[in-house]
Amino acid sequence: MHRETDTDCQSSEPGFSPGRRTFLKISVLAGAAATISSTVAYAAGESGFWAKDLEDEQLVDMYRRILRIRWHERTMADKMLTDPTYRGYNHFYAGQEAVAVGICSALRNEGGVEKADLVYSTHRPTGHAIAKGIDLKRMCAENDFRATGLNNGYAAEMHISDPTIGFMGADGMIGPGPVIATGSALAIQARGSGQVVVNFGGDGTYATPHFHSALNNSTLLKLPFIYVIENNLYHQYAHYSLSVPMKDIATAAEPYGIPGIVVDGQDVMQVYNAAKIAVDRARAGEGPTLIEAKTYRYYNHWGAPGATPGELGAFGYDPLAISSFRPERELRAWMQRDPVDISRRILIDWGLLDDAEADAIETEVKAEVTEAFAWAAEQPLCRPEDGLKHVFVDGEVEARQLA
Amino acid sequence: MTEKSWMYAVLEAVQYEMRQDPNMLWLFELTAPVASNPGLPVINLETEFTRKRVINTGIDEMWMVAATLGAGLAGSKAATYIPYQGAAMPFQIIQNHAGKLRHMTGGVASMPVVFVMEMTGQTPGFAGQHSDYEIDSYYMHIPGVKTVVPSTPYDAKGMMASALRDPNPVVFLYPAGLRELVAEVPDEQYDVPLDKAAVLAEGTDLTIVGSGAGMPEILKAADALKADGMSVEVIDLRSLKPMDTETLVASVGKTKKLLAVDQTYYTLGPAAEVVARVAENVDGARFKRIAFPDAPPPASPEMFLWMRVNADHIANAARKLVG
């Protein structure tokens, strides 16, 4: 296993509940400044120099996409909490932005399914979609059930897709996604089109029989396939120690003889470096890679219960959690290593931006997100009878509810 | 007798059986077997029976159903609760193993197991995989498995008790949209048979037949039709396999008009089976069938709510049939 050090990332221990000493230590490290110190930002270790070799423009674009995800999530959470006429919903991705952006920055993101690198997403898709370069306005319209949305109002958040940028779509199920993704990798290998296929999955996907099928078949056939596990510690409301017997899911790569990389999912540059290793290997025909990004989500499994308008994260009661509930201290500890703060600090440390420029980018992104939601809200609703279309390529089915 | 939610009533039945049978197992993922009800103690199967008997698994519906079957084959009563997201994932285990083993073994295999299969179909906005209501058709097709779908808290508790006591594998369909229903439910354990339809209203002009999550809208439509002066007989199938042909035939033999209603897709839904059985046995009757179109449920509430059968659709169909 190719394992990056994550010695300071103690929160990834199964059953982690930070002792008072650890919690204070993390708080002290980060508390001195408005953003986190570079010591902590780099603490998870570096896996390579590739991120440092990127063009300035690309690096700033990574920061911009992280912000775009963050402000999309925050704006939507606030709308869900404050606007009773708003019908959209989300499985929020805030806290995990560096994973989606780090991975997608190593991919080709245009040219349709025959040229772009393909991404299979999850039921928590908006971060992946934005990182891959989706049209923000049309995604907002889709999530608001509009006829001019990305998928004409048929999909909404759990099924958004845009094949033109290689975003194969969200999936509401846990299991089949990665196996289907290996089929795309098989086609790519057979036609020699040089693309790679990335499947995002949560820690919950490890328990499914599909996990083995995806790794086994992609290894046997040396497919250009990358399985990215976003280990945010919880599948829905259950801690991953209830469904995974090992601390690092990446160790599951060992018996297949493929690389299993543990990476700090809060640091976009480290995620990019891991992705670059995997993408180069896949394009060279050497087979699949399993990447486990240690990360955390700031909201509950679904929607914004427990969140407060204008504030980041959900600390309050979630009625859906029933008997299992994540500790508030755990969330606060992870927020000390925020992917937005870390990426901003890195770009400032590397001399690409100063505080004023970073602030200006954030202001621009906020305006862009606000405009996207406003545009979406003005789009037409769907015509009821259009629900009978798109069952097959041609025609429509009969309205059997009517006598 | 106390007012109880559907969810509480069902867990009360499970709790009772688990107290009687120290070997009985309950397997779940994601949805903890916990229910509360005003004025009654909280039911938490996991804390009461410990994780040795109440198992919180990873997301692996195939294992949950296979392990439940395996526990039954080894002589322990077992049940599993599959949330709607994964309710077709373990299809093969039920169709090719649970459904065939007793017959294939010449009757020696024992399978005192219950597969609780959540169904949705009630919530607009969640699109194809989370708004569908379709597994009734799939599971009722399997020989060797009883497939039931209660529609009231009273039946849900009584049919759960019967299912847990039945030596055959039972698919207990659990419409998620009904779990908040509240009604008077006895505190003691009781059986509701797994092979009898329920006549919810008696009438002479028309028979309306439905099941599960479709029943509340059927009852609403029946009220509207009665207000118009129509005499409507309403039948809740409750059991899809075996289907209570006798009750259906007796009713349509009287009314000579049958409206069969499904929440599931039109093709091969329970309503198709109802019409076929009645047509074979009643001469001179007229029939109508309404259902969700043969299309996955779209996310847009405007499309979805238009496509899903509601009380207006049912009342209009009834008027066309009787008028």
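# Close-up views of a predicted two-chain model

**View 1. A:Ser343 sits in helix α11 of chain A, which spans residues 339-349.** The model is predicted. Is A:Ser343 buried or exposed? A:Ser343 has 28 other C-beta atoms within 10 Å, and 20 or more make a residue buried, so A:Ser343 is buried. Setting aside neighbours within four places in sequence, the contacts of A:Ser343 are A:Met62, A:Tyr63, A:Ile66, A:Ala98 and A:Val268. A:Leu59 lies 284 residues away along the chain, yet its C-alpha atom is 9.3 Å from that of A:Ser343.

**View 2. Chain A has 12 helices and 8 strands.** The chain has 403 residues, and 55% of them count as buried. Take the contacts in chain A between residues at least 6 apart in sequence: 75% of these join residues at least 24 apart. Mean pLDDT for chain A is 89, with 87% of residues at 70 or more. Residues 1-44 of chain A fall below 50 in pLDDT; in the model this stretch still has 85 contacts beyond near neighbours in sequence.

**View 3. Chain B is assigned two domains, domain 1 (2-185) and domain 2 (198-322).** Their C-alpha centres are 26 Å apart. Domain 1 of chain B gives 26 residues to the contact, and domain 2 of chain B gives 23 residues. On the domain 1 side, the elements giving two or more residues are α6 (127-130), α7 (135-140), β8 and β9 of chain B. Confidence in chain B: the mean pLDDT is 96, and 100% of residues reach 70 or more.

**View 4. An open sheet of 7 strands in chain B runs in the order β5-β2-β6-β7-β9-β8-β14.** Its pairing is mixed. Helix α8 (residues 153-165) of chain B lies across β6 (78-82), β7 (113-119), β8 (146-148) and β9 (170-175) of chain B. Helix α8 runs at about 155° to β9(B).

**View 5. Strands β2 and β5 of chain B run parallel, joined by 3 bridges.** Strand β2 covers residues 25-28. B:Phe28 stands opposite B:Asn56 in β5(B).

**View 6. β3(B) and β4(B) form a hairpin with 2 residues between them.** Strand β3 (residues 34-37) and strand β4 (residues 40-44) of chain B run antiparallel and share 3 bridges. B:Asn37 stands opposite B:Leu40 in β4(B). In the turn, B:Gly39 has a positive phi of about 80°.

**View 7. A second sheet view shows 5 strands of chain B in the order β11-β13-β12-β15-β16.** This sheet is open, with mixed pairing. Its edge strands are β11 (198-201) and β16 of chain B, each pairing on one side only. The twist averages 25° from one strand to the next. Strands β12 (residues 206-210) and β15 (residues 257-265) of chain B pair in the parallel sense over 3 bridges. B:Thr207 stands opposite B:Leu258 in β15(B). Helix α9 (residues 215-227) of chain B packs on the sheet, touching β11, β12, β13 (232-236) and β15 of chain B. The direction of α9 makes about 170° with that of β13(B). α13(B) also packs on the sheet, where it touches β12, β15 and β16 of chain B. Its direction makes about 165° with that of β16(B).

**View 8. The largest nonpolar core has 221 residues.** B:Met117, B:Phe172 and B:Ile208 touch the most other members. Domain 1 (2-185) and domain 2 (198-322) of chain B each give at least three residues to this core. What does B:Ile208 touch, not counting residues up to four places away in sequence? Its partners are B:Ile218, B:Ala222, B:Val232, B:Val234, B:Leu259, B:Val261, B:Ile314 and B:Ala318.

**View 9. At the interface, 41 residues of chain B contact 38 residues of chain A.** On the chain B side, α6, β16 (286-292), α12 (301-307) and α13 (311-322) each supply at least two residues. α12(B) gives the largest share, 6 residues. For the complex, the predictor gives an ipTM of 0.94 and a pTM of 0.91.

Key
Residues are numbered from 1 along each chain as its sequence is written. Chains are lettered from A and ligands numbered from 1 in the order in which they are written. This is a predicted model: local features need pLDDT of at least 70, side-chain atom pairs count only at pLDDT 80 or more; totals for chains, interfaces and linings use all residues. pLDDT is the predictor's confidence in each residue, from 0 to 100. Two residues are in contact if their C-beta atoms, placed from the backbone, lie within 7 Å. A nonpolar core is a set of buried Ala, Val, Leu, Ile, Met, Phe, Trp, Tyr and Cys residues joined through C-beta atoms within 7 Å. A residue is buried if 20 or more other C-beta atoms lie within 10 Å of its own, exposed if 12 or fewer, and partly exposed in between; C-beta atoms are placed from the backbone. Domain bounds come from an automatic or database domain assignment. Two strands pair if DSSP finds at least two bridges between them. Helices (H or I, at least four residues) and strands (E, at least two) are DSSP runs, numbered from the N terminus. Axes are lines fitted to C-alpha atoms, for helices over the stretch in contact, and angles run from 0 to 180 degrees between N-to-C directions.
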